[in-house]
Amino acid sequence: MSFLSATLSRVKPSPTIAISARAREMKAAGHDVIALSAGEPDFDTPDNIKVAAKAAIDAGQTKYTDPDGTPELKSAISAKFQRENELDYSEAQISIGTGGKQILYNGLMATLNPGDEVVIPAPYWVSYPDMVLLAGGTPVIATTTLESGFKLSAEQLEAAITPRTKWIIFNSPGNPSGAGYSWEELKALTDVLMRHPHVWVMTDDMYEHLAYDGFEFCTPAQVEPALYERTLTINGVSKAHAMTGWRIGYAGGPEPLIAAMRKIQSQSTSCPCTISQWAAVEALEGPQDHIIANNAVFKRRRDLVVSRLNAITGITCPTPEGAFYVYPSIAGLIGRTSAGGTKITDDEAFATALLDETGVAVVFGAAFGLSPNFRISYATADAALEAACARIQTFCNNLT
Ligand SMILES: Cc1ncc(COP(=O)(O)O)c(C=O)c1O
């Protein structure tokens, strides 16, 4: 009998983390690598947030807190939901965890039983299906298309729902496509959910503030207030405030679900990092100018990458509404052979040959459940993006 748990055999390690690790190894071995694989802003955490964290340390805020967060941060989150999302969550309806990732995990662990299904639109963030499997549920993948802007239609959602469906995981703007749903597009989905009262909504709003060209973010319980009683609204400070390493995410939801999530957290991590919680209070209550400044840079980089990639024969790259990713199709390159002799049979072969032959690290689409595509994270310096696009162009031009 294996020493390791059977649960573990159901999941795979995160492919995005694996590719970033391979790129780092190649760099350490002296290769000229441009990594476009990491899902985090390249900006530093704003100074006022760092100052707040240092002040918290000096004030002795270095002990355990309540399992799902301090009253001060819950109050700041409650005000944020009210101010930005028109959602009324009392402090008892708020859970704070070690990143949005832990909140998603707690939500699934607290609710899934064997046989329970979770609808996940593809392309999806790599962790969703594996988290569902770890929690004992069954992922049901609803695959979108490039032509639909990688957005789920009402018909697709309707077709994916069964009597066993417990959740739909919704993510807009999304990772890896950057697709953002307009109010009307989201309303079409919430109308379907109104016909299926047993289905709950887990909405991952992590990229709320990273939106361009006037895109207006909206979240399911705001678009359809009648869904409030069965929605877990998840957000965090990682992306908007360049705080990935601080590990603070949070959610608002019905009190019994929040209490169940607290129970899990109290037996796993005890509480999120106290110092980071004080930093997050400042992130939510302090000046927000860095979001506007960072978005201007992200938009410029998005436009640069989209135009460079669309100039390459065989690649089609839609312009996404938000986040810091593009998700181009390489349908026009399948079946060709690279200068190094690799047959491009699928997007994994493409990404591997691209890294080996040019040093550009991207993540292949199969990792996100929709092929043949790849994901570029443009949260990196303009010069690196220019150089990477030039290398991708040369690589593609040399395919035979
Ligand atoms: C869609 C999505 N949700 C959640 C997370 C996790 O965020 P956090 O760093 O707060 O755990 C990520 C991080 O890449 C993400 O892309």
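1. In the protein chain, residues 24 or more positions apart account for 71% of the contacts with a separation of 6 or more, a contact being two residues whose C-beta atoms, placed from the backbone, lie within 7 Å. The structure is a predicted model, in which local features need pLDDT of at least 70 and side-chain atom pairs count only at pLDDT 80 or more, while totals for chains, interfaces and linings use all residues. Residues are numbered from 1 along each chain as its sequence is written.

2. With 400 residues, a compact globule would have a radius of gyration near 21 Å, and the 21 Å of the protein chain agrees with this; the radius is taken over C-alpha atoms, and the globule rule is 2.2 Å times the number of residues to the power 0.38. The C-alpha atoms fill a box of roughly 60 × 55 × 55 Å along the principal axes. Of the 400 residues, 50% count as buried, that is, with 20 or more other C-beta atoms within 10 Å of their own C-beta, whereas exposed means 12 or fewer and partly exposed lies in between, with C-beta atoms placed from the backbone.

3. The protein chain has 13 helices and twelve strands, which are DSSP runs numbered from the N terminus (helices H or I, at least four residues; strands E, at least two). UniProt, in an unreviewed entry, lists residues 32-392 as "domain: Aminotransferase class I/classII large"; its positions are given in the numbering used here, the feature name is shortened, and annotations may be inferred rather than shown by experiment. Over residues 32-392 the chain is 38% helix and 14% strand, with the end C-alpha atoms 14 Å apart.

4. In helix H11 (residues 289-310), His290, Asn294, Phe298, Arg301, Arg302, Val305, Val306 and Leu309 are buried. Seen down the axis of H11, these buried residues fall within an arc of 135°, so they line one face of the helix; the arc is that of the directions from the helix axis to the C-beta atoms. On the other side of H11, Asp289, Ile292, Ala293, Ala296 and Ser307 are exposed.

5. The cover over the buried residues of H11 includes strand S9 (325-326), strand S12 (374-377) and helix H13 (382-397). S9 and S12 also belong to an open sheet of three strands, in the order S9-S12-S11 with antiparallel pairing, where two strands pair if DSSP finds at least two bridges between them. The edge strands, S9 and strand S11 (363-364), each pair on one side only. S11 and S12 pair over two bridges, and Phe364 has Phe374 in S12 as its bridge partner.

Note on methods. Expected span 1.5 Å × (residues − 1).
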